[in-house]
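I opened a new structure and kept notes on what I looked up. The entries follow the order in which I checked things.

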Amino acid sequence: MVQHTRPQDVSPAEVHRQARGVAASSDHLRVPLARFEDRLCAGIIGLQAEAAMLMIDRIRDNAHQLGIRLHEDGCQPNFVVIFSDDSQATMRSVVDRNPAIFQFVPPAERRRLLAPAPVHVFSHVEPRTRDGMPIARERNLVSPPVSRQQMAHSLIYTTTRRDITSVTIVFDRHEVVGLSVGQLADYATMRGLAETQVPDELPLNSILTLFNPQGPHPEGLTDFDRAYLRALYDWVPNLPAAAKLGSVNRELERLRVERAAEAGPAPSER
């Protein structure tokens with residue numbers, strides 16, 4: 001079953017620790033979490049047309065609920081989902097064919113990206129100024145990235161942001177047997193709209209455990225997942241990661257209030 005809101009035996013501190021563990025970022029105090037700022041265009045490769053359209057519609061609906069702008073039909077996909085007989089080999093091919101992009105990927109991250117796994121995910125993250133201008137990078141030790149801005153200094157905001165400009169998600173075909181299109185679309189949403197990883201322990205259910213043999217295997221995005229994404233896409237993109245992660249508990253409470261309002265008053269209160 002999908003877990004809704006925070007169980008009574010899970011404290012706000014545990015929710016916060018889970019949010020920190022899910023975030024694929026190490027410097028939470030100075031570096032913003034990456035998110036989509038450009039218009040999103042989803043595309044599916046290796047899936048029958050009807051199922052692919054259902055999956056695209058669900059990803060687009062998830063993105064729309066977060067306030068992400070969407071491209072019209074016929075766009076060039078920047079959110080690509082691939083179903084492959086060998087996801088590891090497919091991702092290796094993606095790396096080999098895009099040297100200009102992967103030159104900035106640290107060796108440790110590249111090894112993790114190409115390690116055996118049921119799903120391989122690569123998010124191309126581009127550093128940009130607070131106002132969205134790309135910051136040029138060179139692969140050497142004498143020309144560090146430099147941005148020139150006015151009125152960008154703050155103790156609250158960072159002067160730069162991290163934009164996800166494209167995502168490639170490769171599923172192993174034999175690993176998705178028995179899973180629904182909705183589950184796969186929501187998993188892709190959680191991995192693609194945010195740079196996320198799967199920590200060893202999760203006090204709250206998350207779609208991120210979909211490929212964990214021990215489970216749980218939620219039917220879709222859980223309340224924790226929705227709260228995490230809502231916290232990420234709330235307000236400006238150039239807040240330090242800690243500020244976004246600290247809002248996950250607040251978003252969980254908002255979800256509880258919204259669900260209670262949708263359900264209406266209890267029979268005894270009518």
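Entry 1, overview. I noted that the model is predicted. I looked up the secondary structure and found nine helices and four strands. Read from the N terminus, the order of elements is α-β-α-β-α-α-α-β-β-α-α-α-α. I checked burial next: the protein has 270 residues, and 46% of them count as buried. I also looked at contacts between residues at least 6 apart in sequence; 74% of these join residues at least 24 apart.

In soluble globular proteins, nonpolar side chains tend to be buried together. I looked for such groups here, and the largest nonpolar core has 56 residues. Met 55, Phe 79, Phe 171, Leu 193 and Tyr 228 have the most contacts inside it. I then listed what Phe 79 touches, leaving out residues up to four places away in sequence; the list includes Phe 36, Leu 40, Ile 59, Val 167, Ile 169 and Leu 193. Another core, of eleven residues, lies apart from the largest one, and Ile 82, Met 91, Val 95 and Phe 122 are among its members.

Two packed helices are described by the angle between their axes and the distance between the axes. I looked up both values for α7 (residues 223-233) and α9 (residues 248-263): the angle is about 120° and the axes are 8 Å apart. The angle therefore makes α7 oblique to α9. The crossing of α7 past α9 is right-handed. On the α7 side, the contact residues include Phe 224, Arg 226, Tyr 228 and Arg 230. On the α9 side, they include Glu 251, Leu 252, Leu 255 and Arg 259. I sorted the residues of this contact by type and got seven nonpolar, seven charged and no polar.

I looked for cis peptide bonds and noted the one from Gly 215 to Pro 216, with omega near -5°. Pro 216 sits in the loop between α6 (181-192) and α7. In the loop between α7 and α8 (241-245) I found Trp 235. Its phi is near 65°, a positive value in a residue other than glycine. Is Trp 235 buried or exposed? Its relative accessibility is 53%, so Trp 235 counts as exposed, the cut-off for exposed being over 50%.

Technical notes
Residues numbered from 1 in each chain as written. Predicted model: local features only at pLDDT ≥ 70, side-chain atom pairs only at ≥ 80, totals over all residues. Heavy atoms only, no water. Axes fitted to C-alpha atoms, helices over the stretch in contact; angles between N-to-C directions. Helix = DSSP H or I, 4+ residues; strand = E, 2+ residues; numbered from the N terminus. Parallel < 35°, antiparallel > 145°, perpendicular 65-115°, else oblique. Left-handed = near helix turned anticlockwise from the far one by under 90°. Contact = heavy atoms within 4.5 Å. Nonpolar A, V, L, I, M, F, W, Y, C, P; charged D, E, K, R; others polar. Core = buried A, V, L, I, M, F, W, Y, C linked by side-chain atoms within 4.5 Å. Buried < 20%, exposed > 50% of the residue type's maximum accessible area, 1.4 Å probe, protein only.
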